[in-house]
Amino acid sequence: MIPSVLPTYSRAPLTFVKGEGSWLIEADGRRFLDLGAGIAVNALGHAHPKLVEALTTQASALWHVSNLYHIPQQEKLADLLVEHTFADTVFFTNSGTESCELAVKMARKYWFDKGQADRTEIITFEGSFHGRSSAGIAAAGSEKMTKGFGPLLGGFKHLPWNDHDALTVAITDQTAAIMIEPVQGEGGIRPLPDQCLKGLRDLCDAHGILLILDEVQCGVGRTGKLFAHEWAVIEPDIMMVAKGIGGGFPLGAVLSTENAASGMTAGTHGSTYGGNPLGCAVGAVVIQTIADSDFLADVSRRAGALRQSLEGLIAQHPDVFEAVRGTGLMLGLKCKATNIDVVNAGYDNAVITVPAADNVIRLLPALNITEEDIAEATKRLSAAASQVEAAS
Ligand SMILES: *Cc1c(COP(=O)(O)O)cnc(C)c1O
């Protein structure tokens, strides 16, 4: 008999009932060190006092009014994002895949309004992930995500990752936009080198193409900059955001230049919940906290400490781990053992990691994880690796 919860996930046999910073408490009382942060969502850890306060204060005043009216919390968060990024304007969504939907619509409407209605094609890359909506799965294009869900939304051209020649050949006068994650998350923590992102920007400029960055996972401080593309010193035209921006409250956003957003006039897009007072009150505190240069410098420092201890872990367990990759607190351990076995051994040792493609385990801790917790996490990962070695 089908469970009352649609069984689209194969879940670990764990039920967490409370969170404190980088720790999750299981129903049986065990304390887990959380290096997954709800898949890069709980950017400030669990139950951060400032986020709890923002949410509860707003909850006792007003939850929802719809976008038929002005929402001051939404305007405040939009102003903050405009102040701290390339963007001139922001639309709020509730998730990453909704941000993908708008990014696709925005790029196509841009060219339609410019009188180039057949310029609809969006170039995307192998191994990418843009969410599970119809546009998101068509954009990523992998068989795993799309099989059985046809007819797929058309107009996406999928190219190999990191193949400059394939890209130059693929661009035509139908190319509306290029959509890419600066650091692939689900694809196995694969960072695009800075010079490639710069090259992409140049290519887009040369052909007048819009550059859409999907920073749903790598954005909001995760790499040690507020947004990952800042490392390459370039700016996108459109950027998809979600995950970390709500600190655990469902919130997403599409950031855009005035030019790229020029087609999105009243009535062209909408969302009932998007930009609601609860989410935006929390999001404003998240962005205020993370956009601070001292906070971001701390992220890089902690990332250095974590990376160094992971290098040590690889040296200690060469049959389990092969290499560390990624940037900031978006790190991947490429495994020699099966990644799921390592994740499961982590559960046995009360440390949480997240599997990704390419036999990688992801470490996406809260951005404010303490050095003490990093040291404890390393011990537990080492114990998990020893368990995998003993079992093989
Ligand atoms: C998680 C993710 C999405 C989808 O976000 P949802 O909130 O699950 O819809 C899109 N793009 C990237 C890069 C992601 O990591």
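Me: What makes both faces of strand 5 count as covered?

Reply: Glu121, Ile123 and Phe125 on one side, and Ile122 and Thr124 on the other, are all buried. Buried means under 20% relative accessible area, whereas exposed means over 50% and partly exposed lies in between (1.4 Å probe, protein chains only). In a regular strand the side chains alternate between the two faces of the sheet. The model is predicted, and local features need pLDDT of at least 70, side-chain atom pairs count only at pLDDT 80 or more, and totals for chains, interfaces and linings use all residues. Residues are numbered from 1 along each chain as its sequence is written, and side-chain values use heavy atoms, with hydrogens and water left out.

Me: Why is strand 5 described as largely enclosed?

Reply: Five of the five residues of strand 5 (121-125) are buried, so the strand is largely enclosed by the rest of the structure. The name "strand" denotes a DSSP run of E with at least two residues, whereas a helix is a run of H or I with at least four; both are numbered from the N terminus.

Me: How do you know that strand 5 pairs with strand 7, and what is its pairing with strand 6?

Reply: Two strands pair if DSSP finds at least two bridges between them. Strand 5 and strand 7 (175-180) have three bridges in the parallel sense, and strand 5 and strand 6 (156-159) have four, also parallel. Ile122 has Ala177 of strand 7 as its bridge partner, while Ile123 has Lys157 of strand 6.

Me: Why are strand 13 and strand 16 called edges of their sheet?

Reply: The sheet is open, with four strands in the order 13-14-17-16 and antiparallel pairing. Strand 13 (321-327) and strand 16 (354-356) each have a single partner strand, so one side of each is left without a neighbour in the sheet. Neighbouring strands here are turned by 30 degrees against each other on average, direction ignored. Strand 13 meets strand 14 (330-335) over six bridges, and Gly326 stands opposite Leu331 of strand 14.

Me: What makes helix 11 a helix that packs on the sheet?

Reply: Helix 11 (339-348) touches strand 13, strand 14, strand 16 and strand 17 (360-363). Contact means heavy atoms within 4.5 Å. The direction of helix 11 makes about 175 degrees with that of strand 16. Such angles run from 0 to 180 degrees between N-to-C directions, the axes being lines fitted to C-alpha atoms, for helices over the stretch in contact.

Me: Which residues are around the ligand, and how do you know that Asp214 has a polar atom facing the ligand?

Reply: The residues around the ligand include Ser95, Thr97, His130, Asp214, Gln217 and Lys243; a residue qualifies if one of its heavy atoms lies within 4 Å. A polar contact is a pair of N or O atoms within 3.5 Å; within protein, one must be able to donate a hydrogen and the other to accept it, and residues adjacent in sequence count only if both atoms are side-chain atoms. A side-chain N or O atom of Asp214 is 2.7 Å from a nitrogen atom of the ligand. Oxygen atoms of the ligand lie 2.7 Å from a polar side-chain atom of Gln217 and 2.6 Å from an N or O atom in the side chain of Lys243. The protein covers 83% of the 380 Å² of accessible area that the ligand has on its own, by the Shrake-Rupley method with a 1.4 Å probe; for residues, only the protein chains shown count as cover.
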